[in-house]
Amino acid sequence: MNMKSLKTLLMLAVLFLASCESTVPEGKWDSMIWKADVPVQKTDGFYQVPAAGAELVFSCQNYSFPWISDAESNGEYFFPPREENDFHTITTGWFRAEAKGNKLHVKFEANGTAKERTMKLTVTAGDIFYTFGFRQPAN
């Protein structure tokens, strides 16, 4: 193959690739689809966590590597240890979440307080977000 043919072929390949359009409009990501690995009751948009504590595992059905954005409980916000470049874990005194591949592991310590606890955990896979709501009754 001579140099002129090679240049022409390369230019056609670049033009072809540059002219390809995505079938998904910019900013229109598919909603995240999550499935609990073990059935867990959901009431009023909140997964019900036993007062004695539990570990829940969820699988993302359509994104391979979601990571954790933040968590909120009673107006207090928690963030992954970003200074360590770790966007896959978040920990509070009674709650821990860890994203591993398409799995989200969420662990709750026993609620020894006299108050119900709620936690909203937001995960992301780029420009798409999903918020889990958890409710744990008082012990």
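**View 1. A cluster of aromatic rings.** Welcome to this predicted model, where ring pairs link Trp34, Tyr47, Phe58, Trp94, Phe95, Phe108, Tyr130, Phe132 and Phe134 into a cluster. The count of aromatic pairs comes to 14.

**View 2. Tyr47 meets Phe132.** The ring centres of Tyr47 and Phe132 are 6.2 Å apart and the planes are at 40°, so this pair is tilted. Tyr47 belongs to strand S3 (residues 46-48) and Phe132 to strand S11, so the pair ties together parts that lie 85 residues apart in sequence. Tyr47 is buried, with a relative accessible area of 9%, and Phe132 is buried too, at 1%.

View 3. Trp94 sits in the loop between S7 and S8, while Phe108 is in strand S9, 14 residues away. Both Trp94 and Phe108 are buried.

**View 4. An open sheet of five strands.** The strands follow the order S1-S4-S9-S8-S7, with antiparallel pairing. At the edges are strand S1 (34-36) and strand S7 (89-91), each pairing on one side only. Look also for S8 (residues 95-100) and S9 (residues 103-108), joined by six bridges; Arg96 has Lys107 in S9 as its bridge partner.

**View 5. Inside the largest nonpolar core.** Of its 26 residues, Phe58, Phe95, Leu104, Val106, Leu121, Phe132 and Phe134 touch the most other members. Leu104 is in contact with residues including Trp34, Leu56, Ile68, Ala97, Val123 and Phe132.

**View 6. A charge over a ring.** The charged end of Arg135 sits over the ring of Phe46, 4.2 Å from the ring centre.

Note on methods: Residues numbered from 1 in each chain as written. Predicted model: local features only at pLDDT ≥ 70, side-chain atom pairs only at ≥ 80, totals over all residues. Heavy atoms only, no water. Pairing = 2+ DSSP bridges. Helix = DSSP H or I, 4+ residues; strand = E, 2+ residues; numbered from the N terminus. Core = buried A, V, L, I, M, F, W, Y, C linked by side-chain atoms within 4.5 Å. Buried < 20%, exposed > 50% of the residue type's maximum accessible area, 1.4 Å probe, protein only. Contact = heavy atoms within 4.5 Å. Phe/Tyr/Trp six-rings, centres within 6.5 Å; stacked < 30°, edge-to-face > 60°. Lys NZ or Arg CZ within 6 Å of the ring centre and 35° of its normal. Lists of a residue's contacts leave out its neighbours within four places in sequence.
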